[in-house]
Amino acid sequence: MSDTNIQDATDGQTPRERVQHQIDHDAAVQWLGIEFLEVEETGVTVRLPIRNEMRNGFGIVHGGFPYLLADTAFAFSGTASGTPMVTHQSNTTYTAPAKGEYLVATSKILHRYGRNIICDVTVQDDDGTVVAYLSMHGVVSKKVATTGNSKLAGA
């Protein structure tokens with residue numbers, strides 16, 4: 001399922017090993033305390049603990065945090081499949097205010113064509129309420145592999 005000419009450094013690794021390698025080099029994921037609940041070649045499920053600083057004046061989670069978690073799940077779906085990618089375009093529909101102690105995002109790769117990947121991402125709060133749906137379009141990025149995080153790219 002992954003493109004054979006992208007990120008040769010991941011050859012022979014499992015999806016979990018590829019994701020762990022990226023986590024080890026991702027300061028934002030570490031700082032936010034994002035946990036990886038499921039890792040498969042076709043997608044990931046991640047959880048973000050909600051801190052009080054993430055709530056807005058209405059007492060609900062600021063809308064940027066469900067998006068941040070969805071974008072993280074999306075990017076790591078590419079990593080799990082052995083295909084480094086960056087977000088090119090996304091469409092977000094917020095369906096309910098995010099409350100509770102954590103958010104969970106599940107990203108599934110739907111389609112690949114050329115250097116493009118399309119994923120659906122669902123974000124839920126801890127009582128199972130869907131707070132956002134995202135359709136995300138990514139581009140496999142050789143530039144990230146050569147000029148981005150060289151430790152991640154295996155350069």
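1. A charge is taken to sit over a ring if NZ of Lys or CZ of Arg is within 6 Å of the ring centre and within 35 degrees of the ring normal. In this predicted model, the charged end of Arg51 sits over the ring of Trp31, 5.3 Å from its centre. Arg47 likewise lies over the face of Tyr102, at 5.0 Å from the ring centre.

2. Basis of the values. The model is predicted, so local features need pLDDT of at least 70 and side-chain atom pairs count only at pLDDT 80 or more, while totals for chains, interfaces and linings use all residues. Residues are numbered from 1 along each chain as its sequence is written, and side-chain values use heavy atoms, with hydrogens and water left out.

3. Overall arrangement. The chain has 5 helices and 6 strands (DSSP runs numbered from the N terminus, helices being H or I of at least four residues and strands E of at least two). From the N terminus on, their order is α-α-β-β-α-β-β-β-β-α-α. Of the 155 residues, 40% count as buried (under 20% relative accessible area, with exposed over 50% and partly exposed in between, for a 1.4 Å probe and protein chains only). Among contacts (heavy atoms within 4.5 Å) between residues at least 6 apart in sequence, 63% join residues at least 24 apart.

4. Strand pairing. Strands are said to pair if DSSP finds at least two bridges between them. β1 and β2 run antiparallel and are joined by 5 bridges; they form a hairpin with 2 residues between them. Glu40 stands opposite Gly43 in β2. β2 also pairs with β4 in the antiparallel sense, over 7 bridges, and the bridge partner of Val44 in β4 is Ser107. Because 5 of the 7 residues of β2 are buried, this strand is largely enclosed by the rest of the structure.

5. The largest nonpolar core. Such a core is a set of buried Ala, Val, Leu, Ile, Met, Phe, Trp, Tyr and Cys residues joined through side-chain atoms within 4.5 Å. Of its 33 residues, Ile34, Phe36, Val46, Leu103, Val121 and Val123 touch the most other members. The elements giving two or more residues to this core include α1 (15-23), α2 (27-32) and β6 (130-140). The largest share, 6 residues, comes from α3. In soluble globular proteins, nonpolar side chains tend to be buried together. Beyond four places in sequence, Val121 touches residues including Ala70, Phe74, Ala105 and Leu134.

6. Helix α3. This helix has 17 residues and reaches 24 Å from its first C-alpha to its last, close to the 24 Å expected at 1.5 Å a residue (the expected span being 1.5 Å times one less than the number of residues). Its buried residues include Pro66, Leu69, Phe74 and Phe76. After α3 comes Gly82, whose phi is positive, near 85°.

7. Leaving aside neighbours within four places in sequence, Ser77 is in contact with Glu41, Gly43, Val44, Met85, Ser107, Ile109 and Cys119. Met85 is found in strand β3 (residues 85-94) and is buried, with a relative accessible area of 9%. Met85 and Phe74 are 11 residues apart in sequence and 8.9 Å apart in space, C-alpha to C-alpha.
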